[in-house]
Each structure stands twice: as C-alpha cells, then as structure tokens.
Amino acid sequence: MVAVDWPGVDPEWSREIDVASSSAADDPGTVRRWHLLDNGAQLSRRGLTPSGTLLCVHGNPTWSYLWRTLLAAGTDPAHAWRVVAVDQLDMGYSERTGTFRRLADRINDLGDLTDALGLDGPVVTVGHDWGGVISLGWALAHPQQLAGVVLTNTAVHQPSGSGIPPALRLALHPAVHRWGTTTSDTFLRVTHSLAHPPLTAEIRNAFMAPYRGAERRTGVGNFVADIPADASHPSFPALSGVAEELRGLRVPALMLWGPRDPIFSDRYLKDLIGRLPHARVHRFEAAGHLVAEDRDIATPVFEWLAELGRDSGPDPQQTNAPTDGVSPLWAPLTELAAGAAGGDIAVAEMAADGNVARTLSWRELEQSIAALAAGLKEAGVRHGCRVSLMVPPGVDLTVALYACLRLGAVAVVADAGLGTRGLSRAVKGATPDFLIGIDRALAAAAVLGWPGRRISVQDLPAARRRILGAETSLGALARRGASLSPEPPVEAPDPDADAAVLFTSGSTGPAKGVLYTHRQLAAMRDTVAETFGIRPGARLVAGFAPFALLGPALGAVSVTPAMDVTAPRTLTAPALADAAAAIDATVVFASPAALRNVLATRDGLSGPGHKALEGVVLLLSAGAPIPEPLLAAVQRLVPRASLHTPYGMTEALPVTDISLEQIQAADADAAAGTVEGAGNGVCVGRPVHGARVAVVPLAADGTAPGTDFVTEAGVTGEILVSSPHVKEAYDRLWLTQRDSSSLPGWHRTGDVGHFDAAGRLWVEGRLAHVVTAPGAVVTPVGAEQAIERLDHVGLAAVVGVGPSGTQAVVAVVETVPPARKAGPAAPQLAGRVRGAALEAGVNVSAVLAVPAQPTDIRHNAKIDRTRLSRWASRVLAGGRPGQP
C-alpha cells in the first residue's frame, strides 16, 4: 500500500486496483496495478449519492495529486460527485511497467481502468497537459457514459506553420532528453517552477514524491518522447484522430486556462475553441501552466456541473430581440453614399500643422470599404475570423473596421492606451487571425509575439515587409478587391453573430475583452442617435477614439483632431478648433482629461478658432466624473453648445445622460437638501433611450449579494443596467460574465450609487473601492468631491487601509502645485482635508499627499485606488513612501 502523507489529501482517497491490460504495449493476460485517488468510498460511508463521476487525468510530470481540490469539493453534500483521479501507468504511484506506452496505449489503458472500476454514466472527464488528450480520447470512445468534458491547459493539434513550444523542443533534443527527464529531476523542477504564485515547499515535495530516483522517472522521459513533433511520429495518427473527432463532440464543455504558459499558450486554446465552439471558457489572467495550483478551479467546475442538470444554453442577455428588422451598423453610410450627399465629405484626417491631410466622400468611403472587403475575403478573412485593428483613428481605420464588419469578421479593438503590457495581454488573449497595423504595431507584434497574419496599413518595401512579417498591405488588398469583376458577393452577417471585441480601460484590473454582436452595435448607434439627437448630416469632432468609429454609422461627418488619441490630455484648444473648422463641426466628443488640456491651452486660440468652436451645438464628455466648474469653463469656449456628460462603460455606452444645466440643478438640490437622496456622489442623470437602471442594495460588509433590486431614493447599491445595447459577454471570461449577469436580463456594472427622489442616478464609486470602516460602509466619491473643492487640491482619492470591517479611511490628495515628494500631508492641509470630508459625513483617519495621482492611461482620469491603498498601507506602517 502507498503511505499517504500529502498536504490536502485525505488518506481514505488513496487506493490501488489491479487491471487486466488490453494494450498493444503489453502481452496478453498482463495485469497492471494502478494507483488512484477516489472519494467514492467516502461518499458511500457518509450516505451521499453522487450526481456522477469526474474522471481526472493528469499530464506530465504531475500525478493525481493535481486534482486534490476537486476530490475535496466532491464530498460536499451540496454537490456530491465521485472523483476518480488516476495515476497513469509509469507515473505517480502506479506500476512501472518497463514498456514504452504511446498515446493510443494510454487512451486504451484508461478504458481498461474504467472497465475494471465499473464506471457508468454520467462521467465528466477532466484533463490537463497530455492528460487532456488522453481524457478526450476516452471521452470519444465512451459516448454513452459521457456527460461533459473539462480541459485545462492542453492541446490536441499543433497549429499549421508553427513548431512545438521551445521548452518541449529542448526536452526532446537527444543531448538533453534522457538527462533532463529521467537521469535528473530537472523536467519536474522546471514544471513546478511554472506555478504562479510559487508552490510551497510542502506541495512541491508532494509533487516530487513519486519520482524520487531515475528508475521512477522513466515514464516522464517516455511521455516527452511520445510528443508528436511532426506527421512522421508514431503517435501522430492517434493525436490527429482525437483532434478531428472532437469537432463532432456535442456534450457540454468547460475550459479553464492559465495564459502564462510557455507550453500550452493561447494559440492552443484558440484551436480548442474552434473545435468546441459551445464550450464555456475562462482565462485566469496571470495564471500559468499549473492552473489548478494557481487558481481555485474546484468552485467553477462544480458551479458548471450544476448547470448540467439545467438548461446550459446561451448566457441570459439583457434583450433578446427577433433576428429580423435589424438595420446594419453601416446602413446610414450606405444610404448617404447612394444619395444626393454622396459627394460630400464623410471622414477627414488632420495633419499636425492644423491642415486637413486627407478626406473621403461618402461615395468614396463606400467604394473603399467594398474594395477592401473583397480583398480581405480573397486573402482568407471569413465570417468569425478575428481581425485586430491597430490603426490610429482616421480614414484607414474607418475603412478597415467597416470592411471587417461587412465580411462578418470580428473586429478586435485594443488601443495603445492600455500600455504596452496591457495591450500585449489583450491581443494575445483575443488570439486574432489577422492583425492590421501601422509599422509600430507590426514591429511590436514581431517582438512581443502577437498572433495573427500581419497586414500593413501602408505599402512597404519588400525588405521592410519581411522584417515586420507583413504579408500584404491595405492598399494592395483594396486594389486587388477593386479589380475583381464582378465584385464577389458578401453574405450579410447574422445580427446575433459576434461583431467586435472592445477592451475596458484596465483601471480596475487587467483590461477585459467585451464582446458585442451586430445587433448590439446597431442598438448602441440607435441609442446615441435618439438620446443626443445626432442625425445624418451632423459633423463630429471625435477626441475619443471609440466615438470616431461610431460617426459613419450615425451618418455624421467625422474628424479626429491632431492629437495622440491614446493620451487624451494631448488635445489642445488650437487642435480642437482646427478640426472643428475643417468640417464646420456641430458636435464634439472629448474626455475630461482632454477638456482640461483644452482649457489650459485656450490662450493659443485664434479668432477663426474661436469662431469655429462657436458653431458647436452639442459637446459630449465621458470616461470619468467631470466637476461642474470645469464644464462651466468649457461652456465659455463653446457658448452655443449644450454640454452633456453621459455615464456608461465599455460594456454599455451610454447608460444615463445629464446636461450642464441639469448638473447645476442637481447640485443646488443637494446643497438645499430639498430633494431626498440628492448628493453624496456625482449626478449622472436619468437612463438614456431604451435603458433601465436599478441598484442592488449594499450589505454591511460592503458587498451587493442580493437579488432584489430597487429604484427607491437614497438606497445605495451596485448599479444595474438593462438595455438592447449592453454587451453580449466578456470574452473568454465565463466566470466574470456569469457574475455580471447573475440577475437575468441585467448587467451588474461594478459601480455603486443611488437614486434621488427626482429619479436621477448618483454614482458613489466602484464596488471594489468601498471602504468598510468600523460600523460604517463608506463610498468614496462624495468625500472626494468635497476635498477637491479645497484650494490647492487637484484630484483626491479616499481609500481603505487594514482588514475588511475595521478599515481606516485614508485620503490621498494631489496638491496644486505638485508636492515635492509623496508622503504624509502637512498638518494644515491635513486639517482642511479632514474638515471637508467630515462635512460629507466621512471621518478620515489619515491624509497623504502625492505630486500626481496614478491614473489609467486611456482616460488619464480614473484613479487606481487599489494601488493607492497598497501604497498608503506601506506609508502608514512606517515604510519609505516612494511613489504610489
């Protein structure tokens, strides 16, 4: 018997069983001894009837210990499942057979074992690494027993045009293989080092325990040698058979993935999704190869298993409309091109000197989109293909975006405002099939290993094209598409097909991909048009990249000012005026950070510049709260404009809307105390056309766990929104999507706020930033606003320091002029800050000053309060302040 002394393992689970082998690797009549971790006897002893069996198969060089959290969770009376975690032959504590067992043998071995165990359905297979392939091989051979499959960091196919991962290639090298995998324990140690965070010494020793001594590691070496590096390998037919048959597997599937994996990267996940498109998929950002060690996988596995007894169809969405009657996003563009306005300017680009660099009329835009769509289609872009667009706003991006949408391709829009690391993480996670980019983007793709066939924006010399890995250019594709006669037909995409993946700003954690369908993009267009009265013929200056892309869909003439769109604060007043003058602008969209710099540079405006801005009748600004004094100052620059600050997010834009006059009225109500619920936050107005908004009340621990939602005045809670233009899902983030849609028909925004008696919504901050002080739940925005009204204070942030429930409330203020160094605030400033916060009902324990707040790159406005909280904890504990 095996002596059991492994952390997290109940000795009762460990058992051995003799199994008659039918493998070609063994002589007839051979019996093999297997070791298992099996909670079946424990369930019986406790009188629990399991819902089914999880058949868990480890990879190389782990063993059944990898699945200990599933074994423990399976004994919970609330969701009892028998869990059988096997040690494959020659691995773990199973018999060392002295034979070389190939993939087909191992699939057969697993079948022999389940026959000996008498496993009947329902069985859900769980696999990791090469155990994933073996578990799928068993699943395909036992359709009558199979109820579902769970996969973690595995692969069934080597994508064409790419070699096996470098780490495996090194392990296979004749000079390294035997020493690295068998003679020494190097392969095990390297594998264990892939855990994020690192394994504890106890757990690392448990994983090493069955492999002490070279004679115990023969199976490790043989497993590596059995990797089918090419089609000539003896196991290639077995692997290919599993890969192809997998396309016909119709049982529920769950994929839990660690993207920080040098072996099974996201390209293998993409391949598996292509074979099992119905699978639930969740990527645990920052987790790696040993995802079962890096993250809690038991909770999502058993929550998914609970779905198996219910309808596990598509996640509930906010609005499920019929599939007919949806006007495509580009319909206004097409209508204008065919009408009397066809020769008018549709889109313009500004040069750095303030002159117009390039324009297209509506007719030229339509023709350019049609030609590029035809060229892209011939190049292999099909329905469902993902195309990453790394092109600055302007003519090229507009043409490329609408060409992709018409083809039914999925546009992946991740901007440089995420920062290099954030952008790289986003692109790799989205796994585009094609990447269209400017030279800088293509160079980054080459250096950082971004996926996708590369297409340059400009025609490049052959040498430059080779260096950047660009197959062709937008110009070449458009010329080719225009030459095709007759133009090949393009089938219109289904309204409910995926259309775009947009990324959140990353201000509250890693940027999340947000998936939209064609229906939802069209609904967004219609909501914006109805809410703000933007009609075909409007002329839009877009100082915020996403809005520039919506312009043609609204039938609005669009121009982006000369600025770095990834850094909104680079927009100057002269640049804004030049862009407005170029198209006689009537509408401006700019972020709060952009407007601040416009005001700071207004002295540079010329007489014609002032006149151009006087033609603006609507100014929109969103992305972060905007103080009323800032808007009032902007109003003097655009005296005829109605100023609006819509509230929304990447997942739903817009949600509510409010004008400057309405903000002033709301602030007056708050000051007078005449309207119940007015105050303690930023008033963002009332729901936009077609949207519903409610809140789930906060609990005493600062969470919003309930399912009852209200619109009563003065009740603070997590903000919910329901609308036809709310996102379809978070991309490859099943757990995040499940949480955000836990109330059917609603999206949980993660923001907190309340309504007043006039039906206006007041935003009080993020749910994650709620401070749980002794006896009180503190939302940050109200106190922050009070502090920001003080002289010589810029941006302020209220954060919690200490354990939940006993947190100290700390105010971190950005001083004007900037403080020379970060650290405790001067006593006079600290006293003024405490007084202002107390007037807002918040008792501040400590005040810290910083030269500048850490803000997100995209908006230059959203403060990273989580980062500030960590910094404040360090400073208040006596550590060196440094920079937050």
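**Exercise 1: a strand, a helix, a strand**

Work out which elements make a right-handed β-α-β unit with E18 in this predicted model.

*Solution.* Start at strand E18, residues 539–542, and go on to helix H22, residues 545–554, then to strand E19, residues 557–560. Together E18, H22 and E19 form the right-handed β-α-β unit. Next, look at how the two strands pair: E18 and E19 run parallel, with 3 bridges.

Now follow E18 to another partner. Strand E20, residues 587–589, is joined to E18 by 3 bridges, and this pair is parallel. Here valine 541 faces valine 588 in E20.

**Exercise 2: H24 against H26**

Describe how helix H24 packs against helix H26, and sort the contact residues by class.

*Solution.* The axes of H24 (residues 592–600) and H26 (residues 628–637) come within 10 Å and cross at roughly 60°. That angle makes H24 oblique to H26. As for handedness, H24 passes H26 in a left-handed crossing.

Who touches whom? From H24 come Pro592, Leu595, Arg596, Val598 and Leu599, and they meet Leu630, Ala633, Val634 and Leu637 of H26. Sorted by class, this contact has 8 nonpolar residues, no polar ones and 1 charged.

**Exercise 3: H29 against H30**

Repeat the steps for helices H29 and H30, giving angle, handedness and residue classes.

*Solution.* H29 (residues 781–788) and H30 (residues 827–839) pack at about 135°, with axes 8 Å apart. So these two helices are also oblique to each other. This time H29 passes H30 in a right-handed crossing.

On the H29 side you'll find Ala783, Ala786 and Ile787 making the contact, while H30 brings Val833, Ala836 and Ala837. Sorting gives 6 nonpolar residues, with no polar and no charged ones.

Key. Residues are numbered from 1 along each chain as its sequence is written. This is a predicted model: local features need pLDDT of at least 70, side-chain atom pairs count only at pLDDT 80 or more; totals for chains, interfaces and linings use all residues. Side-chain values use heavy atoms; hydrogens and water are left out. Axes are lines fitted to C-alpha atoms, for helices over the stretch in contact, and angles run from 0 to 180 degrees between N-to-C directions. Helices (H or I, at least four residues) and strands (E, at least two) are DSSP runs, numbered from the N terminus. Angles under 35 degrees count as roughly parallel, over 145 as roughly antiparallel, 65 to 115 as roughly perpendicular and the rest as oblique. A crossing is left-handed if the near helix is turned anticlockwise from the far one by less than a right angle, and right-handed if clockwise. Contact means heavy atoms within 4.5 Å. Ala, Val, Leu, Ile, Met, Phe, Trp, Tyr, Cys and Pro count as nonpolar, Asp, Glu, Lys and Arg as charged, and the others, Gly among them, as polar. Two strands pair if DSSP finds at least two bridges between them. A crossover is right-handed if, with the strands pointing away from the viewer, the path from the first strand over the helix to the second runs clockwise.
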